[in-house]
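Dear colleague,

Please find below the sequence and the structure that I am handing over to you. My findings follow directly after them.

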Amino acid sequence: MPVKVTIFNWPFLQSNDLLMQGLGFWFNVVGLLITLVGFGLTWRQLKKTTSAAEAAKREANRIEVTLKRYDAAQEISQAHYALRTAKRHFSNRAWSDGGESYEDVRRSLLSLKANIEILDLDTSKSIDRIASYISKFCERIDRGDFDTASVDDFAKAKSTLRDHEQFSMEIGIKLQKGVF
């Protein structure tokens with residue numbers, strides 16, 4: 001009895017064996033090519049993702065450095081203002097008020113030092129030296145050593161203020177140039 005040929009059984013008929021083997025071979029070849037192309041596309045996307053992640057990391061680092069520079073610029077600006085204020089108070093012999101402003105300078109410089117990680121050794125040592133000087137100077141003010149200060153004491157304090165102002169200006173210039 002002959003077998004009725006339908007759409008569902010024709011691949012399984014013995015008379016179609018060679019045809020099915022040929023089709024199977026070509027389907028395998030096409031499947032292999034599609035797999036290789038898919039693998040290549042996946043590899044390319046992986047490379048893009050990796051480079052995008054690296055770019056995002058670089059950008060995050062750049063933003064962090066920019067923010068630290070901004071904070072440092074703000075600190076040095078506050079130090080400049082506090083130095084001018086201290087100088088004005090000291091000129092008027094308002095030692096206590098000048099000491100408070102001078103203390104603001106010390107805090108700004110120490111904050112600057114804490115914010116900038118790549119500060120060179122000389123600048124770091126100078127900040128420590130200036131902070132120590134300001135601390136001792138303010139202690140003398142608190143003790144009342146300057147209530148009866150001579151002209152020489154005032155001239156020396158003013159000269160030191162100028163040196164500290166010059167130092168803070170140099171740091172400001174280095175910040176603008178991107179040295180730190």
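This is a predicted model: local features need pLDDT of at least 70, side-chain atom pairs count only at pLDDT 80 or more; totals for chains, interfaces and linings use all residues.

Read from the N terminus, the elements of the protein chain follow the order α-α-α-α.

Overall dimensions

The C-alpha trace of the protein chain extends over about 130 × 25 × 20 Å along its principal axes. The radius of gyration of the protein chain is 38 Å, whereas a compact globule of 180 residues would have one near 16 Å.

As for the composition of the contact of α1 with α2, its residues comprise twelve nonpolar, nine polar and five charged ones.

In the second pair, α2 packs with helix α3, which covers residues 121–143. Here the angle is about 155 degrees, and the axes of α2 and α3 are 9 Å apart. This angle is also over the 145-degree cut-off, and α2 and α3 are therefore roughly antiparallel to each other. The crossing in which α2 passes α3 is left-handed.

The largest pocket

The volume of the largest pocket is about 190 Å³. Eleven residues line this pocket, and those closest to its centre are Val-65, Lys-68, Asn-115, Glu-117 and Ile-118. Which element gives the most to the lining of the largest pocket? That element is α1, with five residues. By class, the residues of the lining of the largest pocket are five nonpolar, two polar and four charged.

With kind regards

Methods
Residues are numbered from 1 along each chain as its sequence is written. Side-chain values use heavy atoms; hydrogens and water are left out. Ala, Val, Leu, Ile, Met, Phe, Trp, Tyr, Cys and Pro count as nonpolar, Asp, Glu, Lys and Arg as charged, and the others, Gly among them, as polar. On a 1 Å grid over the protein atoms alone, a cavity is a set of points where a 1.4 Å probe fits but cannot get out, and a pocket is an open set with protein on both sides within 12 Å along at least five of seven lines; lining residues have an atom within 4 Å of a point. Grid points are joined across faces, edges and corners, and a volume is the space filled by probe spheres set on the points. Helices (H or I, at least four residues) and strands (E, at least two) are DSSP runs, numbered from the N terminus. The radius of gyration is taken over C-alpha atoms; the globule rule is 2.2 Å times the number of residues to the power 0.38. Axes are lines fitted to C-alpha atoms, for helices over the stretch in contact, and angles run from 0 to 180 degrees between N-to-C directions. Angles under 35 degrees count as roughly parallel, over 145 as roughly antiparallel, 65 to 115 as roughly perpendicular and the rest as oblique. A crossing is left-handed if the near helix is turned anticlockwise from the far one by less than a right angle, and right-handed if clockwise.
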